[in-house]
Amino acid sequence: YAYDYTDSNGEYALVGLGSGTYSVSASPTFDENLVAPSQTALVASPAATTGVNFSMAAGGTITGQVTGPGGTPLDNVSVYIGGQDVDFGNYIPTDATGTYTATALPSGHYLVAFRPNDTYVPEAYNDHVQESDLYDFVTVTAPDIVGGLNAELAPGGRIGGRVADAVGDPIEGLFVEILDLQGGRVETDFTDAAGNYETP
């Protein structure tokens with residue numbers, strides 16, 4: 001692969017490529033709401049392939065608010081925006097008001113997943129369990145704004161205990177793994193010097 005930044009004329013050059021077929025994409029800086037479809041370019045080294053141009057247009061936007069019980073805004077929750085049928089994936093943090101805004105989205109369908117700190121239970125948009133395959137994908141048509149994708153997260157429960165040997169002495173540094181009934185890993189922890197563990 002190769003990459004370059006455009007100059008003041010909007011021009012770029014990708015060099016050092018062997019013969020083959022390449023996917024070429026143009027990405028703006030994070031503060032610019034611009035998108036353009038990726039293109040395919042055929043390179044026959046050492047000849048130059050020219051005219052692989054992009055016309056950037058305004059992208060779509062997804063926005064909403066993340067709160068805890070009682071409507072308390074949750075700061076610094078990671079909100080994952082992932083394309084179902086477009087090549088896009090990014091994490092957007094919530095601000096002090098619990099608000100997140102994802103821009104520069106190509107038209108398509110998106111998963112919106114809320115991944116908080118250890119205190120709250122992760123979930124996907126519309127109260128779906130994050131580990132399930134049943135998601136409500138959000139349709140975005142650029143340059144439209146899709147708002148109101150909110151989530152109220154619930155505090156999570158914990159599992160804790162103590163690990164000791166046959167005579168009751170604590171075992172430190174033991175890996176403790178919490179699995180669901182299908183064998184999927186949910187949480188992990190290590191025992192401390194007293195043999196105690198407690199999951200997030």
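Y1 lies in the segment before β1 (20–24); strands here are DSSP runs of E, at least two residues, numbered from the N terminus. This is a predicted model, where local features need pLDDT of at least 70 and side-chain atom pairs count only at pLDDT 80 or more, while totals for chains, interfaces and linings use all residues. Residues are numbered from 1 along each chain as its sequence is written, and side-chain values use heavy atoms, with hydrogens and water left out.

Y1 is exposed, at a relative accessible area of 86%. Exposed means over 50%, buried under 20%, and partly exposed in between, with a 1.4 Å probe and protein chains only.

Now the aromatic pairs. The structure holds seven of them. Rings of Phe, Tyr and Trp (its six-membered ring) pair if their centres lie within 6.5 Å; planes under 30 degrees apart are stacked, over 60 edge-to-face, the rest tilted.

One of the seven is Y80 with Y91. Their ring centres are 5.1 Å apart and the planes are at 50°, so this pair is tilted. Y80 belongs to strand β6 (residues 78–83) and Y91 to strand β7 (residues 89–93), so the pair ties together parts 11 residues apart in sequence. Y80 is partly exposed at 21% relative accessible area, and Y91 is partly exposed at 45%.

F175 and F190 also form a tilted pair, with 5.3 Å centre to centre and 50° between the planes. F175 is in strand β16 (residues 175–179) and F190 in strand β17 (residues 185–190), so parts 15 residues apart in sequence are tied together. F175 counts as partly exposed, at 37% relative accessibility.

Notes. Helices (H or I, at least four residues) and strands (E, at least two) are DSSP runs, numbered from the N terminus.
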